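Please read the following with the sequence and the coordinates side by side.

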Amino acid sequence: MTIQWYPGHMHKAQKEIKQALPDIDLIIEVVDARIPYSSANPVIADLAENKGISKPIIKLMNKTDLADPARTAQWCEYLEKQQGVKALPVTAQSPEQVKKVIGLCRRLAPQRTTKELPVRAMIMGIPNVGKSTIINILSQKTIAKVGNEPAVTQRQQRIDLKEGVILFDTPGILWPKIDNTHSSYRLAISGAIKDTALDYEDVAFYAIEYLLKNYQSLLAEHFKLDEHELASYQSESWMALELIGRLRGCLKAGGRIDMDKVCKILIHEYRAGNIGKITLESPAMIEKELIEVAEM
Ligand code: G4P
């Protein structure tokens, strides 16, 4: 699967972020808890790796209502231990949970918690991780436009949370890190990549293979399939798609399975969380894949 990706945009975003960095106290990076690595922002990853950031980073693991709780816990531990960031699992379905980030910001920047000296937090995230939703929850719709802080560019949005924290929303689009094929598939399955850029069959084949290996019971339960029969399709996952197609009546003239329709059903029902709480990557998987990429 090929995905359009523009290095020029990344360069521009990196420049803008670097310019704003000296005058912010910390970064809040919103990621999708189902794909914490693949939905991470490459600009932040790059800057952090090259020690370009000495500010605290909060990884807001959003959409935990859709993610596997065991994997979310694994990810939080991994991110805190391996990357030295603060990981906060949240879901927009629980505004109280989201608002915990305000207290965390204040704890991470204790030098700036007075009304006159609020914590300046830059919030960012690739499209569709839920950044706008989070901002709306935090601001309770009291969004103020364009601040006069010296360091922020005109296009940056300044949102006073009125609790000793000011959010600076990064302008422009931050693209996901697509340094390996697995990440592009995961971004596609989760809905971070627009459907028009997708080959549904390709993406659904990747998804069914992963689900059969990692979440077979949930798959069986949701589609009312026999788990033993499903287990026998591990190496021929397309047969599982055919089975789902037959059960859901996705048939073309002549009784052939309408694969396009089945693939759309699988992806849409995954995204809606109907199949269950499913995470698409684990720290161990990512470490293995990174070694494979480095050896290529
Ligand atoms: P962005 O600014 O990062 O691009 O994302 P945005 O807030 O627009 O959210 C993208 C989609 O994700 C929205 O759904 C939003 O409702 C959904 N979303 C955000 N946070 C959560 C969460 O914690 N859990 C779940 N399940 N969904 C979340 P949409 O289908 O694009 O729009 P709509 O259905 O809200 O109209």
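Cys 250 counts as buried in this predicted model, because its relative accessibility is 1%, under the 20% limit that the term requires. A search of the whole structure finds 0 disulfides, and Cys 250 accordingly takes part in none, the nearest cysteine sulfur being that of Cys 263 at 9.4 Å. Since a disulfide calls for two cysteine sulfur atoms within 2.5 Å, that distance of 9.4 Å rules out a pairing of Cys 250 with Cys 263. Cys 76 is buried too, with a relative accessible area of 11%.

Another buried position is Ala 33, whose relative accessible area is 0%, and which belongs to the loop that runs between β1 (26-32) and α2 (42-49). Which residues does Ala 33 touch, leaving aside those up to four places away in sequence? They are Met 61, Asn 62, Lys 63, Thr 64, Ala 67, Thr 72 and Thr 279. Thr 91 lies 58 residues from Ala 33 along the chain, and the C-alpha atoms of these two residues are separated by 9.2 Å.

Ser 184 brings us to helix α7, which spans residues 181-190. With a relative accessibility of 4%, Ser 184 counts as buried, and its side chain reaches the backbone oxygen of Thr 181 at 2.9 Å.

The helix that holds Ser 184 also packs against α12, at an angle of about 80° and with the two axes 8 Å apart. Because an angle from 65 to 115 degrees counts as roughly perpendicular, α7 is roughly perpendicular to α12. On the α7 side the contact is made by Ala 188, Ile 189 and Ser 190, and on the α12 side by Ile 267, Tyr 270 and Arg 271. Sorted by class, these residues comprise 4 nonpolar, 1 polar and 1 charged.

Helix α12, residues 259-271, also packs with helix α9, residues 216-223, at an angle of about 110° and with the axes 13 Å apart. This angle makes α9 roughly perpendicular to α12. Here Leu 219, His 222 and Phe 223 of α9 meet Ile 265, Leu 266 and Glu 269 of α12, and the contact has 4 nonpolar, 1 polar and 1 charged residues by class.

Conventions:
Residues are numbered from 1 along each chain as its sequence is written. This is a predicted model: local features need pLDDT of at least 70, side-chain atom pairs count only at pLDDT 80 or more; totals for chains, interfaces and linings use all residues. Side-chain values use heavy atoms; hydrogens and water are left out. Buried means under 20% relative accessible area, exposed over 50%, partly exposed in between (1.4 Å probe, protein chains only). Helices (H or I, at least four residues) and strands (E, at least two) are DSSP runs, numbered from the N terminus. Contact means heavy atoms within 4.5 Å. Axes are lines fitted to C-alpha atoms, for helices over the stretch in contact, and angles run from 0 to 180 degrees between N-to-C directions. Angles under 35 degrees count as roughly parallel, over 145 as roughly antiparallel, 65 to 115 as roughly perpendicular and the rest as oblique. Ala, Val, Leu, Ile, Met, Phe, Trp, Tyr, Cys and Pro count as nonpolar, Asp, Glu, Lys and Arg as charged, and the others, Gly among them, as polar. A polar contact is a pair of N or O atoms within 3.5 Å; within protein, one must be able to donate a hydrogen and the other to accept it, and residues adjacent in sequence count only if both atoms are side-chain atoms.
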